[in-house]
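Opened the notebook for another pass through the coordinates.

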Amino acid sequence: MSHKTIAELSADLAQKKCSSVELTRYYLQRIKTLDPLLNSFITVTEEKALAQAAAADERRAKGENMPLLGIPIAHKDIFCTEGIKTTSGSKMLDNFIAPYDATVVTKYKEAGVVCLGKLNMDEFAMGSSNETSYYGAVKNPWDLTRVPGGSSGGSSAAMAARLAPATTGTDTGGSIRQPAALCGVTGLKPTYGRVSRFGMIAFASSLDQAGMLAATAEDCAILLNPIAGHDPKDSTSLDQPVPDYTATLNNSIGGMTIGLPKEYFTGEGMDAGVTKAVEAAIAQFKKLGAVFKEISLPTTDLCVPTYYVVAPAECSSNLSRFDGVRYGYRCEDPKNLLDLYERSRSEGFGEEVKRRIIIGTYVLSAGYYDAFYLKAQKIRRLISNDFEAAFKEVDLVLAPTTPSTAFKLGEKSADPLSMYLSDIFTISANLAGLPAISIPAGFAEGLPVGVQLLAPHFQEAKLLNAAHQFQQVTDFHQKIAPLNVE
Amino acid sequence: MEWEATIGLEVHVQLSTKSKLFSGAPTAYGAEPNTQACFIDLGFPGVLPVLNRDAVMKALKFGLSIGAEIPPYSVFSRKNYFYPDLPKGYQISQGDHPIVSHGVLNIRLDNGESKPIRITRAHLEEDAGKSLHEDFHGQSGIDLNRAGTPLIEIVSEPDITSSAEAVAYLKTLHSLVRYLEISDGNMQEGSFRCDANVSVRRKGETKLGTRTETKNVNSFRFVEKAIEYEISRQISVLESGGEIVQETRLYDSAKNETRPMRSKEEATDYRYFPDPDLLPLVINEKWLKDVKETLPELPWEKQQRFVTELDLSDYDANILSSQRELANYFEQAIKTTGKTAAKLTANWIIGDLLGALNKNNLDIARSPISPDQLAGMIARISDNTISGKIAKTVFEAMWQGEGSADDVIAKQGLTQITDDSAIQQAVDEILTSYPTQLAEYRAGKESLFGFFVGQVMKATKGKANPQQVNEVLKKKL
């Protein structure tokens, strides 16, 4: 059962080949057996999952037949889930039981999705290896000595090991696509504003976007359908028409123009194995009729520094609410108000979070604001303009998702700069608010390689179409990590 | 040495919306602590602000009423600081791009002249909660009912030069927001709060002196006193060779003094930046036009109309238009009495009614005499049923709840005697009763005329038409 996609499981449910309860039990069992190796779940909600599955079966018995009715998935622990602990990977929220559902969670509930539990992640989504989690590092199912990527590391590891047929994630600078690439699964970051951020614990509000990790682009399309659209609770979600993303998957991509930004193909800092897989993917797209064109995105080298001003600035403000006053971690026996703040926050936050709060506070401070924050916002506009110009010439842009395959646990955790550079290819999409997808494109020394496609705003359908066509003629996405329990 | 003061005021006006600026929680005052705050107001993880349209409408109403510039878009910013009654660790306010800028409010000075006070800006922002330091045995309590309540902060240019002008400005502003129905203006409940920036300089000096900001002044009288105190404190510091420290001070009404709260050295860096959870607020022409149509007649427009249409004096028109409720009372009354009695009605309201209300510490909304009752009395004066003097008795009776003017007149038999023969008879009787005085008068002691009038009025229990009494007496004497 574990090799099946959501499209296939949905058909099985519709044809009564299995029930949602059976399916849910199957994945719960897999979690029980395999997750001790991976540490991808923070919370498993077995009872609730089985109750939801039973309810879904009842609805199917009454004749309902929505594609996701009875399909189990797991949520990144950044999404608030009513009555269920929601930690954002932080000690700060270890005792926090969310009193409401995130809009993404609500929409999936309405679609009949079963929630298996909550997935591990870098603390407050700050990290690229899932090593900053208060709940411990997550292991990459392809090599347990390596990281699964981050911040949606629990989502990518659980997906790669098929502990769930799909997982949700969030992407602020690559947090869906980078782990998807490192774990050999498909990960979609929709356009900024396409999916509501309500109930998603904020890291950097102008960059955060909810999305999903799944086995195939088709599954991503099925999963995007119910959550896309305007949410009155999120003023930054946009009121744009929502197409049926599955409807155009089978369109031919013959004649589609794909841009290759030369700045992403300098070879500098790139693993040879990754370059080779990306080149093979380009060849594959050519066979499908796509036309490639070299383009230029001159601001590419400014993306990482811009991101590391904007994201920390927003996070420093967003994380101020975690003050030990109303909920979450509070230090023992505070002496006074200042002591309460200082110790609650010093003890409740991890190192990486504190580093970013400090950077963010600095760049917003009087006297530095213009030089850092304001300048970064101006550059961000230029980065956006670069893409706008590029999309006048091409339909999509293709680039590697990451410069290397999964690195060793501990390899970069002492060196934040090299960790930050692992997001070098993914950050631009967030700064420009563009939709992007990472799809499995091969292996280098036994480790998965991802390739990334980017599209103009609200052109997810085009992205999914191209990715789906690619997956019709390749089988990388069908490979499952060879996890064995002794 | 002569000194002059420069004063700028920042006024926080709570907008009377049903729900909060960024959430659907109710805004009613006086509820049990923490019962009117939802997860958005409490700053829970993952929640997002959604702007209240009604608050925007009310801010626009204010902007349009002072002829301000309404920029095509404004931006919400975060003002970051830590305090337990500030749940998110930042207040959503507006920084460089406020919803209203560059307006003017004309105030009326004691000499009747008008002085324009420029308003720099007015911006939308959310209020914080309240910290309660009593009754918690060394700990503090937090009430977040007020957290997220919509405010507009109205910032004036330093055009004000005395405490009296400051009070006139605040009263005009207060009247305006009540006219516009954008705030209840309740000062005790904190719906209308003022911070005063005060500096002094020697007369003739062009450079402004160092200013202090005095917070927490929540009545017109306290504003006046706090500013007066601050001006004289600054002058005495400077005259004794000291320097003014730029600082925030708190007014203590019990001691009538201001005290330093925090100085600039300790000033927080609020790290303002545009709130990424909210898009820029775009105001289009259509929206502005719609709001413009909802604007009521403004106090100064009403004042003008009272002068030109009703022939009131500038002074009377100003008093009657100073409060929306008072103006409504007046206008309701003259609906019945008609424009010709407007002046008489105005006199009765400004003189007797306001006097009585003042004495009994009542506001016009709680007047025991309704506008219709007052109008009924005015009508009887106009048609000569009662004299102005008798009207005082009728007024008193109505105040005591004895019904309409006609009821009182009938019950107490107060109808004026206008029948000539009756008056002649009364005069004859008096002249017969006082032969000595009559002889003296006829001998040239004309000052006795008043004596005879008084006796006739007394004999008729004040009901005789005084004018007629005069005429008859003149003839007969």
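Below are my entries, grouped by the part I was looking at.

**Before starting.** I'm working from a predicted model, so I kept that in mind throughout.

**Entry 1, a lysine without a partner.** I started with B:Lys61, which I found in helix α1 of chain B, residues 53-65. What is the nearest side chain of opposite charge to B:Lys61? I got B:Glu181, at 5.3 Å. A salt bridge needs the nitrogen and oxygen within 4 Å, so B:Lys61 is buried and has no salt bridge. I then listed its contacts, leaving aside neighbours within four places in sequence: B:Leu180, B:Ile182, B:Val291, B:Thr294 and B:Leu295.

I followed B:Glu181 and found a salt bridge to B:Arg324, at 4.0 Å from N to O. These two come from distant parts of the chain, 143 residues apart. B:Arg324 belongs to helix α7 of chain B (residues 324-337), while B:Glu181 is in the loop between α2 and β10 of chain B. Buried or exposed, for B:Arg324? I noted 19% relative accessibility for B:Arg324, so I put it down as buried. B:Glu181 has 52%, so it went down as exposed.

I counted 52 salt bridges over all chains. One of them crosses chains: A:Arg197 with B:Asp277, closest N and O atoms 3.1 Å apart. A:Arg197 lies in the loop between β5 and β6 of chain A and B:Asp277 in the loop between β14 and β15 of chain B, so the pair joins two chains. I checked burial for both, and A:Arg197 and B:Asp277 are each buried. I also looked at B:Lys215 with B:Glu213, a salt bridge of 3.4 Å. B:Lys215 is partly exposed at 22% relative accessibility, whereas B:Glu213 is buried at 14%. Finally I traced a network: salt bridges with shared partners join B:Glu297, B:Lys302, B:Arg305, B:Glu309, B:Glu331 and B:Lys339.

β3 (residues 76-80) and β14 of chain B pair over two bridges, and I found B:Ser77 opposite B:Pro274.

On the α7 side I listed A:Ala217, A:Glu218, A:Cys220, A:Ala221 and A:Leu224; they meet A:Glu460, A:Leu464, A:Ala467, A:His468 and A:Gln471 of α15.

A:Ala455 lies in the loop between β11 (447-454) and α15 of chain A. I read 0% relative accessible area for A:Ala455, so it is buried. Which residues touch A:Ala455, not counting those up to four places away in sequence? I noted A:Phe391, A:Asp395, A:Leu396, A:Leu434, A:Pro435 and A:Leu463. For A:Pro435 I also took the C-alpha separation from A:Ala455: 5.7 Å, with the two 20 residues apart along the chain.

Definitions and conventions: Residues are numbered from 1 along each chain as its sequence is written. Chains are lettered from A and ligands numbered from 1 in the order in which they are written. This is a predicted model: local features need pLDDT of at least 70, side-chain atom pairs count only at pLDDT 80 or more; totals for chains, interfaces and linings use all residues. Side-chain values use heavy atoms; hydrogens and water are left out. Helices (H or I, at least four residues) and strands (E, at least two) are DSSP runs, numbered from the N terminus. Buried means under 20% relative accessible area, exposed over 50%, partly exposed in between (1.4 Å probe, protein chains only). Lys and Arg count as positive and Asp and Glu as negative; His and the chain ends are not counted. Contact means heavy atoms within 4.5 Å. Two strands pair if DSSP finds at least two bridges between them.
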